[in-house]
Amino acid sequence: MATLPNPLPQLITDPSGRAVGLQLPPGQLFDLTDDGPWHEPLLWHAQKQAAPGTWKALGAPASRVGLLPVIVDLGGSAGGLRDWGLLPGETSYPGDHDAEDVLAEYWWEETEGGEAAADIEPFGVEWPGLAPAAALTADPDTRAAQVADMLAGNPDPVIEEPHLALVPARRSADIPAAIGWAGPVNYECDVARLCAVLRSWEDRFGIRVVALGLDTLVVSVAAPPATRAEAEAVAAEHFALCPDTIGQGDRESLQAYAKDLVGAHTWTFWWD
């Protein structure tokens with residue numbers, strides 16, 4: 001995958017990060033993939049669990065040197081990094097994929113034969129197309145910091161043990177591809193295709209990738225849908241990307257799921 005120069009190797013001899021203009025707390029570089037050690041560090045993460053304010057204090061300065069912040073879940077039941085089975089060698093470049101083509105393919109796979117895995121009304125088996133862009137209600141990076149602080153201040157089964165990580169990536173949407181995240185591997189083997197959709201969401205909804213777990217993705221949303229109709233169009237994209245978000249609990253249909261998307265500042269996805 002095409003990437004920016006990776007500043008992380010400099011932290012091997014300078015763990016403080018001063019050589020790249022940072023003041024890092026004690027932390028650890030991580031390079032282990034499903035096939036063994038990678039040729040360079042894939043990410044750095046803090047040893048201490050994240051607290052409110054950590055994202056702004058460390059993430060903002062790091063972004064200026066090509067390292068983007070993301071919360072990683074080091075909790076045992078959620079799968080520590082050694083259990084993630086990262087696949088950077090099998091990851092392509094997000095810019096090589098078209099978001100609508102990817103979503104249309106996923107939609108077809110889920111509705112093939114005229115029987116969807118969930119109630120997808122008001123839509124049918126034909127791909128409904130991309131949802132229109134929504135208006136920003138906050139600065140995307142400010143919203144990301146707010147969501148990160150929420151996760152740090154209230155650990156829960158979604159992200160049990162949040163630690164701030166820094167990843168060499170061009171944009172927030174590329175973070176999963178930059179580390180070869182394998183969270184959706186049972187649904188999509190090349191996470192760069194998922195990142196192409198995240199790029200489109202960055203442009204249309206001001207999202208940022210805020211947290212990753214073993215198979216969980218949390219994004220902040222600075223331009224959420226404002227009406228039920230807008231939310232249903234977004235929900236169709238969510239269903240295509242991650243069918244498990246719909247049809248569980250009280251979200252037994254796309255329309256029921258869409259209710260929760262109106263004005264929502266956080267979107268959470270998980271793949272079995």
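Mentor: A polar contact is a pair of N or O atoms within 3.5 Å, and within protein one of them must be able to donate a hydrogen and the other to accept it. Keep in mind throughout that the model is predicted.

Trainee: Which side chain makes a polar contact with the side chain of E237?

Mentor: The side chain of R204 does, at a distance of 2.8 Å. E237 belongs to helix α7.

Trainee: Is E237 buried or exposed?

Mentor: The cut-off for buried is a relative accessible area under 20%. E237 has 0%, so this residue is buried.

Trainee: Which residues does E237 touch, leaving aside neighbours within four places in sequence?

Mentor: L103, W127, L130, A131, W201 and R204 are in contact with E237. Two of these names return below, L103 in a helix contact and W201 in an aromatic pair.

Trainee: Let us take the helix contact. At what angle do the axes of α3 and α7 cross?

Mentor: For two helices, look at how close the axes come and at what angle they cross. Helix α3 covers residues 99-111 and helix α7 covers residues 228-241; their axes come within 8 Å and cross at roughly 75 degrees. Angles of 65 to 115 degrees count as roughly perpendicular, and α3 and α7 are therefore described as roughly perpendicular to each other.

Trainee: Which residues make this contact?

Mentor: On the α3 side they are L103, Y106, W107 and E110, and on the α7 side A236, E237, F239, A240 and L241. Sorted by class, the contact of α3 with α7 has seven nonpolar residues, two charged residues and no polar ones.

Trainee: Now the aromatic residues. How is a pair of rings described?

Mentor: A pair of aromatic rings is described by the distance of the centres and the angle of the planes. Centres within 6.5 Å make a pair, with planes under 30 degrees apart called stacked and over 60 edge-to-face. The count for this model is nine aromatic pairs. One of them joins W181 and W271, which are edge-to-face, with 5.9 Å from centre to centre and 75 degrees between the planes.

Trainee: Where do W181 and W271 lie?

Mentor: W181 is in the loop between α5 (175-179) and α6 (191-205), while W271 is in the segment after β9 (266-270). The two are 90 residues apart in sequence, so the pair ties together separate parts of the chain. W181 and W271 are both buried.

Trainee: What kind of pair do W201 and F269 form?

Mentor: Their ring centres are 5.6 Å apart and their planes stand at 25 degrees, so this pair is stacked. W201 sits in helix α6 and F269 in strand β9, so the pair links parts that are 68 residues apart in sequence. Both W201 and F269 are buried.

Trainee: Next, helix α2. Which residues does T54 touch, not counting residues up to four places away in sequence?

Mentor: T54 touches G59, D149 and L164 by that count. T54 lies in helix α2, residues 54-63. With a relative accessible area of 19%, T54 counts as buried. A polar atom of the T54 side chain lies 2.8 Å from the backbone oxygen of A51.

Trainee: And what does D149 touch on its side, leaving aside neighbours within four places in sequence?

Mentor: D149 is in contact with A51, P52, G53, T54 and W55. D149 belongs to helix α4 and, at 26% relative accessibility, is partly exposed.

Trainee: How far is K56 from Q146, C-alpha to C-alpha?

Mentor: The separation is 9.2 Å, although K56 and Q146 are 90 residues apart along the chain. K56 is in helix α2 and counts as exposed at 64% relative accessibility. Q146 is in helix α4, residues 140-153, and is partly exposed at 41%. Q146 also has its C-alpha atom 8.5 Å from that of S220, 74 residues away along the chain.

Trainee: One last point, on the backbone. Which residues does a cis peptide bond join?

Mentor: E121 and P122, with omega at about 15 degrees. P122 lies in the loop between α3 and α4.

Note on methods: Residues numbered from 1 in each chain as written. Predicted model: local features only at pLDDT ≥ 70, side-chain atom pairs only at ≥ 80, totals over all residues. Heavy atoms only, no water. Phe/Tyr/Trp six-rings, centres within 6.5 Å; stacked < 30°, edge-to-face > 60°. Helix = DSSP H or I, 4+ residues; strand = E, 2+ residues; numbered from the N terminus. Buried < 20%, exposed > 50% of the residue type's maximum accessible area, 1.4 Å probe, protein only. Contact = heavy atoms within 4.5 Å. Axes fitted to C-alpha atoms, helices over the stretch in contact; angles between N-to-C directions. Parallel < 35°, antiparallel > 145°, perpendicular 65-115°, else oblique. Nonpolar A, V, L, I, M, F, W, Y, C, P; charged D, E, K, R; others polar.
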